[in-house]
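Me: I am new to this structure and would like to go through it step by step. Could you take my questions as they come?

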Amino acid sequence: MSADENAVSAHANLASEVKPVKGGGSYSAGSTTQGEQGSQRSTAEVLESGQVIAAFGRQYLVRVSDGSELPCLTRGKKSEVACGDIVQIKRTADASTGDGSGAQGVIERIAPRRSLLHRSDPFREKLIAANVTQIVVVVAAEPSFSDELLARCLVAAFDQKLEVLIVLNKCDLPDAAAAARKRLIPYTAIGYRVLELSAKQDVSALRPYLAGHTSVLVGQSGMGKSTLINALLPDAQAATREISTVLDSGKHTTTHARLYRIDADSRLIDCPGVQAFGLHHLSFGGIEQGFVEFARYLGQCRFHDCRHGHEPGCALRNAAAEGKINARRLELFQQIAAHK
Ligand SMILES: Nc1nc2c(ncn2[C@@H]2O[C@H](COP(=O)(O)OP(=O)(O)OP(=O)(O)O)[C@@H](O)[C@H]2O)c(=O)[nH]1
Ligand SMILES: [Mg+2]
Ligand SMILES: [Zn+2]
């Protein structure tokens, strides 16, 4: 059994508690063959487990337990499957080519997730990645990064109990790197790990941080996420090129999430760049907690329902005035809480 098969079968226990996909589980008359009708066949016979390694809108690529990669669809209208999901799939019969190259599957069930990274606004929710254990927020010396987006990623990471690593990329550009480094000081000061590197020169310093994790690279477009992946995994480059040819995007920019295998127990997910990271699904308290350095002041304000805006006796504002918390971080908190 290959390491990959091991990785899939390690989730076999999870697969026994999988939940059906909305709209799935009930086989329409059209898809039931004569032989199956009324036979009460157990689904265990026909379902295979696998992991979603690419998500293109409502189409997915699933790596099944035998190591092959199968294009799959969901039954429901809404896309509720994410890259990284452990799923149970049913092969559809129309492998028309005979050699199996036209094989397809339907995702019937999704296993309970260890984590789900997603963003949301009042109108919709966007799944980013499932079952990750670590978020690697990629910022770059150039173009200048948004510290609000960084703060939002960190709040989402706290909510999902993920390890965090901030990577400052493009450090081969010394002047721009110096400016970016300065903007990251508040983050190192509160305990976040910041790794400086240049994806174009040497990524070896990143490897130890990825070991044993399923990590997701998140950041604005152009920060160098895919360049990092390509430097870490020479095979990935081919896969990226292949898919952009298929989709005829003609651009380098990543259009869908993709999971890569680093070694037997480490995975890395590349994601499209994000411009906005809505946290509509989090409560005010969830956002407060995501600003980890605020913890010791929470509950210390004069008013128990203090929003840390203009209320008198606000412990957070007092702490900021005394330089105990970074004033920019408090400002970011207020912005994010006001426009989740
Ligand atoms: N100078 C320099 N340029 C880099 C480095 N890493 C990436 N770049 C360049 O930055 C640009 C964007 O890199 P990508 O890897 O496509 O960025 P991305 O974060 O994947 O972008 P999206 O897929 O749009 O989210 C490319 O032109 C890269 O060549 C680096 O370490 N140094
Ligand atoms: Mg990319
Ligand atoms: Zn307050």
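Me: How many salt bridges does the structure hold?
Reply: The structure holds 13 salt bridges, a salt bridge being a side-chain nitrogen of Lys or Arg within 4 Å of a carboxyl oxygen of Asp or Glu. Please note that this is a predicted model, in which local features need pLDDT of at least 70 and side-chain atom pairs count only at pLDDT 80 or more, while totals for chains, interfaces and linings use all residues. Residues are numbered from 1 along each chain as its sequence is written, chains are lettered from A and ligands numbered from 1 in the order in which they are written, and side-chain values use heavy atoms, with hydrogens and water left out.

Me: Which side chain does R329 meet in a salt bridge?
Reply: R329 pairs with E293, at 2.7 Å from N to O. R329 lies in helix α10 (residues 327-338) and E293 in the loop between α8 (284-290) and α9 (315-321), so the pair ties together parts that are 36 residues apart in sequence. Helices here are DSSP runs of H or I with at least four residues, numbered from the N terminus.

Me: Are R329 and E293 buried or exposed?
Reply: Both R329 and E293 are buried. Buried means under 20% relative accessible area, exposed over 50%, and partly exposed in between, with a 1.4 Å probe and protein chains only.

Me: And what about K324 and E322?
Reply: The side chains of K324 and E322 also meet in a salt bridge, at 2.7 Å from N to O, but both residues are exposed.

Me: Which residues are linked in a network of salt bridges?
Reply: The network links D147, R183, R328 and E331. Within it, E331 and R328 meet at 3.4 Å from N to O. Both lie in helix α10, three residues apart, about one turn of the helix.

Me: Changing topic, what coordinates the zinc ion (ligand 3)?
Reply: Its donors are C301 (SG), C306 (SG), H308 (ND1) and C314 (SG), at 2.1 to 2.4 Å. Donors are N, O and S atoms within 2.8 Å of the metal (3.2 Å for Na, K and Ca); water is not among the atoms, so sites may look incomplete.

Me: How are the donor residues spaced in sequence?
Reply: The spacing is C-x4-C-x1-H-x5-C.

Me: Is H308 buried or exposed?
Reply: H308 counts as buried, because its relative accessibility is 2%. C301, at 11%, counts as buried as well.

Definitions and conventions: Helices (H or I, at least four residues) and strands (E, at least two) are DSSP runs, numbered from the N terminus.
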